[in-house]
Structure formats: C-alpha cells, structure tokens
Amino acid sequence: MLEALGLGPAEEAVYTALMAQPTASAHELARQTGIAVAETARVLANMETSGLVSVADQPDRKESGPAGQQTGGQFVRYRLTPPSVALAPFLVEQRNALHRAESAFSVLIEQYRDTAVQSAGGVVEVVTGTEQVAHRFHQLQHGAQRELLVFLVGAPVAVPRADTDLSERTVLDRGVDFRVVAARDYFDGPDVARDMREAIAAGLELRLVDSLPLKMVVSDRERAMVPLDVAGSGAEPSAIVVHRSGLLTALVHLFETEWAQARPLHTTAAGIHAEPKADQQPAKGELEVLALLLAGFSDRRAASQLGLSIRTVERRTRRLMDLAGADSRLQLGWHAARAGWL
C-alpha cells in the first residue's frame, strides 16, 4: 500500500507493525516482521529522519540482547508520527512527480509532431502482424480523449470482436464522443446486432450505409489507422497509421461525408432499426435532448441527465436545427411543436 508513496517493502512492514502498538523497539519489530534486527534499526533510523516515526520520550522497559540501539541502558523505542502529518509530504511529492511526467509526456508529443511526423516518412507508419496491428488499434482507442470516428466493414481480422466490445465500453465510460459508420456486411457476423444494440444503449452513435471504401479508426482527429487490403495474398494483416497531415484531414472529411449520408440506427425491442432514407425525423436520442432543452435545461444539465458528453448534446442539437432549418433554438422549439416531434 505504501509503495505507491515511495516507501520500500521493509519500510512498509515496519510501519505497519508499529501501527498496531503505542511504541516498540527495533528488537520487537524485528521479531514481528522477520527482518534482521540490524536492518530494522537502519530502517527506523531512516524513517525517523523522514519524519515517519519519532523516538518515544519514555522507554517503558529495559531489554537485553545483542541488537538494538541503547540510551542509558534502555532500548530506544519508537512511535509513529500521525499519518496525516507524516505521509502528506510523500503524497505531495508523488503528485508533483506525476505532474512532471505528464508535462514531459506533452513536450515529447509536441516534439515528435514538430519533427518526425512532419517529415515525409513520419506522416505514415506501417504496422505489420496480427499482434502489432491489434496493439496499435487499442492504443488509438484507449488514447482518445475527445472523439473516435470509426468505419466498420466486414468481419474483423486482427482485432477480435470481443476485444473491440471491451474497448468500446471503456471509451464510452470515459465520456469520449464515439461515432461509427457501419457497412451492411458488418452485421453478417454472429451476435453483432446484439452487441451493437448494447453499444447504442451505452451511448455509441451508429449509422448504416450499404458499403464503405475502407475500414478506419480516427482518434481525436490527430491519428488514424487504416488496414491494408491483403485479401488473397496470404500475408499477415497490416495497417498504416496516419499522423496529422493533409491525408488525415482527407480521411476525416471522408468520414463526415459518409456520416451525413448514412442512416441512423436505433434500438428496438427486436434489436436495431435503421431509419429510412426518406425519413428526416429526429432520432430517439435527439428527441430526448430536445425534450430537456425545451424544458429549460442547459446543455450541461441535459448531458448530465442523459449521461452524455456536452459535445454529444451539442451535436444532436445542431442536427435538430439542421432538420428544422432553424437558425436559433427558439425557432427549433417552434418547428418541433409544429411538426409534432414531441
């Protein structure tokens, strides 16, 4: 437990043993912990220097033996300094160390972007092999802080469906905006419709198209991964990872174009249902947002009430306004009443 604060196993053992009694000598603590007396005495001396323990004012009895420190014939006895006082500096130092690590991490990322990624060879990296492709895919998903954009086509190759489900739940739990466009053939796999229904219920936004030109995942609009087509070649799965560049911008634009033309999928008692192309009615999730907004909820309160991110509420509101042809939320409310949306 205390190793997280920078203390070693010996310090933790001695600290825990001393916590169960008012005072103790090195000889007594050595018996309880199984650590050599000399090592226990050294640990206590270091802990005293660090302020974790202090020497008891009145040693309560004499002992004899080959080990332990003595003062006037008495074995030195120690008591714990209150944890709220003694351990606070260790906690502060660990927090500071984490902040320093995060700052260094950010600096390294920026340096990488400004150098290697900007070079012709750094814009695209090639990843080969099932394990490497799966590892890079999970890096992109778990590393997303704001948004994930995904194209799903056909059966998974390098990343099993079960692993993808787990990644999706983790991302949604963190409040990341998660939008997916799936080709019709993606639903040919076993249990895919059921898994997608659960994902939609958890906050995934899913739309359907007849076909897509490629599989893809885009993380925070900073990196994208596109599998390479090696069908029939017998080669290992491989993919390219695209960093910030004109190519990445084109991939994001491709996603937004397909997203705008795709049909939203909704959950039903029987599974999932695709909105007809000619039907420009709001989706169920959009109507939930609309109901709260018309009730006077702010975007933040509506997001909290529905368990969504603010970005999701804002995006659903924008779509509602596009469907209504409204320039303001007042006009949106007027159109919703006239069209019988609620």
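Q: How many residues sit between strand 10 and strand 11 in their hairpin?
A: Strands here are DSSP E runs of at least two residues, numbered from the N terminus, and two strands pair if DSSP finds at least two bridges between them. In this predicted model, strand 10 and strand 11 make a hairpin with three residues between them. Asp220, in the turn, has a positive phi of about 55°. Ser219 faces Arg223 across the pair.

Q: Which way do strand 11 and strand 12 pair, and over how many bridges?
A: They're antiparallel, with five bridges, and strand 12 spans residues 238-243. Val226 stands opposite Ile240 there.

Q: How many aromatic pairs are there?
A: Rings of Phe, Tyr and Trp (its six-membered ring) pair if their centres lie within 6.5 Å; planes under 30 degrees apart are stacked, over 60 edge-to-face, the rest tilted. The structure has three such pairs. Tyr186 and Phe187 have ring centres 6.0 Å apart and planes at 85°, so they're edge-to-face. Ring pairs also link Phe151, Phe255 and Trp259 into a cluster.

Q: Where does the charged end of Arg179 sit?
A: A charge sits over a ring if NZ of Lys or CZ of Arg is within 6 Å of the ring centre and within 35 degrees of the ring normal. Arg179 has its charged end over the Trp259 ring, 5.1 Å from the centre.

Definitions and conventions
Residues are numbered from 1 along each chain as its sequence is written. This is a predicted model: local features need pLDDT of at least 70, side-chain atom pairs count only at pLDDT 80 or more; totals for chains, interfaces and linings use all residues. Side-chain values use heavy atoms; hydrogens and water are left out. Helices (H or I, at least four residues) and strands (E, at least two) are DSSP runs, numbered from the N terminus.
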